[in-house]
Amino acid sequence: MVVVGAEPDLPYERPPLSKGYLLGQDDRASVFVHDEKWYVDHGIEVLTGRRVTALDRAAHEVELAGGERLGYTKLLLATGASPRRLRVPGNDLDGVHYLRRLGHADRLRDALAAGGRVVVAGAGWVGLETAAAARHHGCPVTIVEPGPAPLHATLGPELGGYFADLHRRHGVELRFGTGVTGFAGDSAVSAVLTDDGEIPADVVVVGIGARPETQLAADAGLAVDDGVLVDAGLRTEDPDVFAAGDVASVWQERYGRRVRVEHWAAATNGGPAAALAMLGREVVHDDLPYFFSDQYDAGMEFTGWFPPGGYDRVVTRGDAEAFHAFWLTGGRVVAGLHVNKWDEGLDAVRELILSGRTVDPDRLADPEQPLTD
């Protein structure tokens, strides 16, 4: 078994990059999945700092930058995703950061620890978690978001107000309905230019989403459409090529369509499922999508899925400090989250989603009614 990665580091967990590691609470060594000895002991060759540039399906080979070719019997594409770039003047100035790789987090952590004015472009998960880390380091923070609320495209408008209030309470300035038009500065950024004017900045973090790294698959003639298209067993149309993680658009019988999830659990659960499928097992990878976020004193977990606008109503139970939220379609729970409700968590929410049962919204909203009932 050979693992080829373009990054210079051994495989690592990405969530700490915008959470514990960026906060300065976790050391660098803690993010790695295994140390180098583990791979040696298990007979796994890891080629770091090597990029696969071409896939020759007929020859069952991949080509690396420099021309070296490696043969395969089964191939897993786990090329992930890359941050979307802001194509505006000044986007190459020092001090403009993107957060995806460990090297990105190294540089951003040093920048936040040094202090200074921070502007975050985008109020998605990366933007919000980075803003929380910057406030932890004592930096003044402004978030610029063209949408009407944080996470508007992800969770809908109902939950956006909660996250907006959370950040305001911690001193973050929020500017909604505003787009970034450029960055000012000589060699280093000194201001962010927006539709509403100029915002002084020493550090800029751009978090406007990610795009799946499908070029290798597309060049090899594999079907791609917002990800590499795979069946429920994570197989492409080539029986010897599989895909998992951020790059995989997986057929989900539950939803009658393909779903691509850009979160840690998609890789954590998809990797073992792909391994079994590559060994010839019958696999149905239909785990409910899951992700989590930590911002200040708010710990959040979400499970389920709905397409944009694909729900009828949102039901909440609890208070501003600790609550559940449920997304309903046709009276059925299709997704749910909790904030600081660790006593109940998500187990009962998963059961509600998987059961497909119609629920009484009033009972669902009543904290006196156990979710298990």
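The largest nonpolar core counts 47 residues, and the members with the most contacts inside it are Ile 143, Leu 155, Phe 163, Phe 302, Trp 327 and Leu 337. A nonpolar core here is a set of buried Ala, Val, Leu, Ile, Met, Phe, Trp, Tyr and Cys residues joined through side-chain atoms within 4.5 Å. A second, separate core has 26 residues, including Tyr 72, Leu 77, Ala 217 and Ala 244. Buried means under 20% relative accessible area, exposed means over 50%, and partly exposed is in between (1.4 Å probe, protein chains only).

Keep in mind that this is a predicted model: local features need pLDDT of at least 70, side-chain atom pairs count only at pLDDT 80 or more, and totals for chains, interfaces and linings use all residues. Residues are numbered from 1 along each chain as its sequence is written, and side-chain values use heavy atoms, with hydrogens and water left out.

**Exercise 1. Find the aromatic pairs, then work out what the pair Tyr 162 and Phe 323 ties together.**

Step 1: searching the whole structure turns up 13 aromatic pairs. Rings of Phe, Tyr and Trp (its six-membered ring) pair if their centres lie within 6.5 Å; planes under 30 degrees apart are stacked, over 60 edge-to-face, and the rest tilted.

Step 2: Tyr 162 and Phe 323 sit edge-to-face, 5.0 Å centre to centre with 75 degrees between the planes. Tyr 162 belongs to helix α6 (residues 157-169) and Phe 323 to strand β24 (residues 323-329), so this pair ties together parts 161 residues apart in sequence. (Helices, H or I with at least four residues, and strands, E with at least two, are DSSP runs numbered from the N terminus.)

Step 3: check burial. Tyr 162 is buried at a relative accessible area of 13%, and Phe 323 is buried at 7%.

Step 4: now take Phe 291 and Phe 302, a stacked pair at 4.8 Å centre to centre and 20 degrees between the planes. Phe 291 is in strand β21 (residues 290-295) and Phe 302 in strand β22 (residues 298-304), so the parts tied together are 11 residues apart in sequence. Both Phe 291 and Phe 302 are buried.

Step 5: zoom out. Ring pairs link Trp 125, Tyr 162, Phe 163, Phe 291, Phe 302, Phe 306, Tyr 311, Phe 323 and Trp 327 into a cluster.

**Exercise 2. In the open sheet of 3 strands, which strands stand at the edges?**

Step 1: get the order, which is β3-β4-β5 with antiparallel pairing. Two strands pair if DSSP finds at least two bridges between them.

Step 2: β3 (52-56) and β5 (69-71) are at the edges, each with a single partner strand, so one side of each has no neighbour in the sheet. From one strand to the next, the twist averages 25 degrees. (Axes are lines fitted to C-alpha atoms, for helices over the stretch in contact, and angles run from 0 to 180 degrees between N-to-C directions.)

Step 3: β3 and strand β4 (residues 61-64) run antiparallel and are joined by 4 bridges. For Ala 54, the bridge partner in β4 is Glu 63.

**Exercise 3. Is Leu 76 buried or partly exposed, and what does Leu 76 touch?**

Step 1: locate Leu 76 in strand β6 (residues 75-77).

Step 2: Leu 76 is partly exposed, at 32% relative accessibility.

Step 3: leaving out residues up to four places away in sequence, Leu 76 touches Phe 242, Ala 243, Ala 244, Ala 274 and Met 278. Contact means heavy atoms within 4.5 Å.
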